Amino acid sequence: MSDAIDPEGRRLPIKLDSTSNGEFAPVPLSATNRAANRLAHEAASDFSRRLGSGRRRFLVSACGAASTLLAFNAVNAAAGKTGGFFEVARDSALDLELARAQVGPAKDEFILDVQGHFIDTPKGHPKGPEVFIKDVFMDSDTDVMVLSFVPSTRAAEPVTIQAADAMRRVVEKLEGTHRLLLHGRVNPNQPGDLEGMDELKEKWGVSAWKTYTQYGPGGKGYFLTDDVGLRFIEKARALGVRNICVHKGLPFGRQSYEHSQCSDIGAAAKRFPDVNFLVYHSGFVTSVREQAYDESGRRDGIDTLITSLLKHGVRHGSNVYAELGSTWRFLMRDPEQAAHALGKLVKYCGADNVLWGTDSIWYGSPQDQIQAFRSFQISAELRARHGYPEMTRELRAKIFGLNAARVYGLSALELKSYTARDAVSCERAVYLERPEPHFRTYGPKA
């Protein structure tokens, strides 16, 4: 294996850092996180010597991921954070087959990432598509990704629907014809967006709409239940694209903060049972510590989603889906908060209503998020006290892709049969003989 990338093995395969997706202010690592990173580096030096391997070779292997997660466990436990942990056997740091069994893909695993991003590059510049394909389809186990959008005016879109479609066509040229779906960005409170939905559907073949309720002219957002929101939902229904992906949580500071929370989700879902509401980020707010659900309804963050569903009698297994992009990535830093967040979402939304999303490529390749999620477990104590689920292989399979496939009207089995033998898969099989993951993130860190 060539050591052209990070030859001294200075980067960990599971990344704990302050990287943001650009929609929230980067949050510095805690003392516990910094200690966890230090211990992971020490462990990499120790275990690589014991295996007679260089640090880089060790960290690229499944043993490197396993030893990193074990270091995170040790530091969190020492800090008294035991509500969530990474279920990785100690011997997996030195046993490659065991490590692969614990952080590698399960048999017939299918991963549909419902929140991906593509960085447009200057015309004729080849690196954007190359980086995207490498990060998403070479260095991660992602099978299918939905390309989403950031909030913007129609005249100043950082990534246009044309650029996203061009990325889709690049992948299709590699015979990856089933690997990318597109959102259509709609902010119905700004001129032209409602009218533009027809073109998004007819010309670009979007599979869902992406909207930001806290975004709009003059910094003023809207609710799905006010006149603007209702016109948007009715237009989506009329066009027959009935998946609405709505950013909730990760507020833009104080800008229209009330619109960033989930008070309108329950009412909209009850009024329009034939529309799927995919709640991006699940209402998560970085400054609100995730704990057991507060029945008083006074806590912000994920609790606002649960409160809205309960208030309007929207039961689990409904048309509301909680999405994990950036939320899981942030909560990997604190597995106890992660246990409460995941436990609440499955308990109140339903095992069939939590969706995998990573918000990558802001965080580089999503593989570290995948490996951490594969091994994550909620403690028996929290499960007994709060009625949280055990993170079983079956539950993870639903969250990783089976739930989203159903929402998008796809067959996970058929998709997997395509992606298992297309040109992208064949190229990846060759690449994995000499993998070169960079373990970098791209979003702002300060």
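In the second largest pocket, the largest share of the lining comes from α16, with 5 residues. Keep in mind that this is a predicted model. The volume of that second largest pocket is about 420 Å³. Its lining has 20 residues, and those nearest the centre are P105, A106, E109, R393 and R396. By class, the lining of the second largest pocket divides into 9 nonpolar, 3 polar and 8 charged residues.

Next, the largest pocket. The space in it comes to about 890 Å³. There are 38 lining residues, and V60, S61, A62, L432 and P435 are the closest to the centre. Two or more lining residues come from each of α2 (55-60), α3, α4, α14 (367-375) and α18 (423-431). Sorted by class, the lining of the largest pocket has 19 nonpolar, 7 polar and 12 charged residues.

That brings me to α3 and α4. Helix α3 spans residues 62-78 and helix α4 spans 96-103; they pack at about 70°, and their axes are 8 Å apart. Angles from 65 to 115 degrees count as roughly perpendicular, so α3 is roughly perpendicular to α4. The two helices cross with left-handed sense.

Which residues in α3 and α4 meet? On the α3 side they are A62, C63, A65, A66 and L69; on the α4 side, L96, A99, R100 and V103. This contact has 8 nonpolar residues, 1 charged and no polar.

Conventions
Residues numbered from 1 in each chain as written. Predicted model: local features only at pLDDT ≥ 70, side-chain atom pairs only at ≥ 80, totals over all residues. Heavy atoms only, no water. Axes fitted to C-alpha atoms, helices over the stretch in contact; angles between N-to-C directions. Helix = DSSP H or I, 4+ residues; strand = E, 2+ residues; numbered from the N terminus. Parallel < 35°, antiparallel > 145°, perpendicular 65-115°, else oblique. Left-handed = near helix turned anticlockwise from the far one by under 90°. Contact = heavy atoms within 4.5 Å. Nonpolar A, V, L, I, M, F, W, Y, C, P; charged D, E, K, R; others polar. 1 Å grid on protein atoms, 1.4 Å probe; cavity = no way out; pocket = protein on both sides within 12 Å on 5 of 7 lines; lining within 4 Å. Points joined across faces, edges and corners; volume = space filled by probe spheres on them.
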